[in-house]
Amino acid sequence: MLSVISLRLLLVLILLVMGIQDLKFRAISWYLFPALALCLLLANPSFTVYSCLLNIGFVAFVFVLLTCWFSLKQGSMVNLTRRHLGIGDVLFLLCLAFFFSPVNFFLFYLMSLLLICMGTGAYLLLCKPANFSIPLAGLQGFVFILLLLASWIWKTELGNSDFLPEFLMMSYERS
């Protein structure tokens, strides 16, 4: 069995490779997704099938909402993964479903999108690239690495729904 340190190193390595591939090629090797899902499953002592299914349901709900939104906007049915969202972005979120509690999954999704939107907006203002697409899975992977490192330093469990209240209490106690 993998030691905790080995598992953490492997997890960070997989996320780094995914992020670099997505930034450089706008594609991620398929075998990294099952490897990531397995590592996240092994790294989550609080895993429950119920939480995982809720997270997958949330991803499906967002996917359906986005499909409806772009279809209404365009006036015809839109295949979301053809122009707007890469299949790797969806697969990445499905991998994360094995790790987070539903509350933390939603918070990670929301906060990572906000950070990526702000960073992308700044990049677009400063660099003004002619043709640009957002490597969402790669950037969310980098945000996830930072969150993992913070959770390991503060010894908090991201698979536990009590993470946010614990984190807020720790922040309050420090100030």
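Visitor: In which helix does V17 lie, and is V17 buried, partly exposed or exposed?
Guide: In this predicted model, V17 lies in helix α1. Its relative accessibility is 31%. Buried requires under 20% and exposed over 50%, so V17 counts as partly exposed.

Visitor: What accessible area does the nonpolar surface patch with V17 have?
Guide: V17 forms this patch with L2, L10, L13, L38, L41 and L42. Helices α1 and α2 each supply at least two of the patch residues. Together, the members of the patch have an accessible area of about 550 Å².

Visitor: Which residues touch the most other members of the largest nonpolar core?
Guide: In soluble globular proteins, nonpolar side chains tend to be buried together. The largest nonpolar core here has 36 residues. The residues touching the most other members are L36, L96 and F144.

Visitor: Which residues does L36 contact, leaving aside neighbours within four places in sequence?
Guide: L36 is one of the core residues that touch the most other members. With neighbours within four places set aside, its contacts are L11, I14, L15, M18, F92 and C95.

Visitor: Is T120 buried or exposed, and which backbone oxygen does its side chain reach?
Guide: T120 is placed in helix α6. Its relative accessibility is 7%, so T120 counts as buried. Beyond four places in sequence, T120 is in contact with F132 and I134. At 2.7 Å, its side chain reaches the backbone oxygen of I116.

How values were computed. Residues are numbered from 1 along each chain as its sequence is written. This is a predicted model: local features need pLDDT of at least 70, side-chain atom pairs count only at pLDDT 80 or more; totals for chains, interfaces and linings use all residues. Side-chain values use heavy atoms; hydrogens and water are left out. A nonpolar core is a set of buried Ala, Val, Leu, Ile, Met, Phe, Trp, Tyr and Cys residues joined through side-chain atoms within 4.5 Å. Buried means under 20% relative accessible area, exposed over 50%, partly exposed in between (1.4 Å probe, protein chains only). Contact means heavy atoms within 4.5 Å. Patches are made of residues with over 30% relative accessible area and no salt bridge: like charges are joined within 9 Å, nonpolar side chains (Val, Leu, Ile, Met, Phe, Trp, Tyr) within 5 Å. Accessible areas come from the Shrake-Rupley method with a 1.4 Å probe; for residues, only the protein chains shown count as cover. A salt bridge is a side-chain nitrogen of Lys or Arg within 4 Å of a carboxyl oxygen of Asp or Glu. Helices (H or I, at least four residues) and strands (E, at least two) are DSSP runs, numbered from the N terminus. A polar contact is a pair of N or O atoms within 3.5 Å; within protein, one must be able to donate a hydrogen and the other to accept it, and residues adjacent in sequence count only if both atoms are side-chain atoms.
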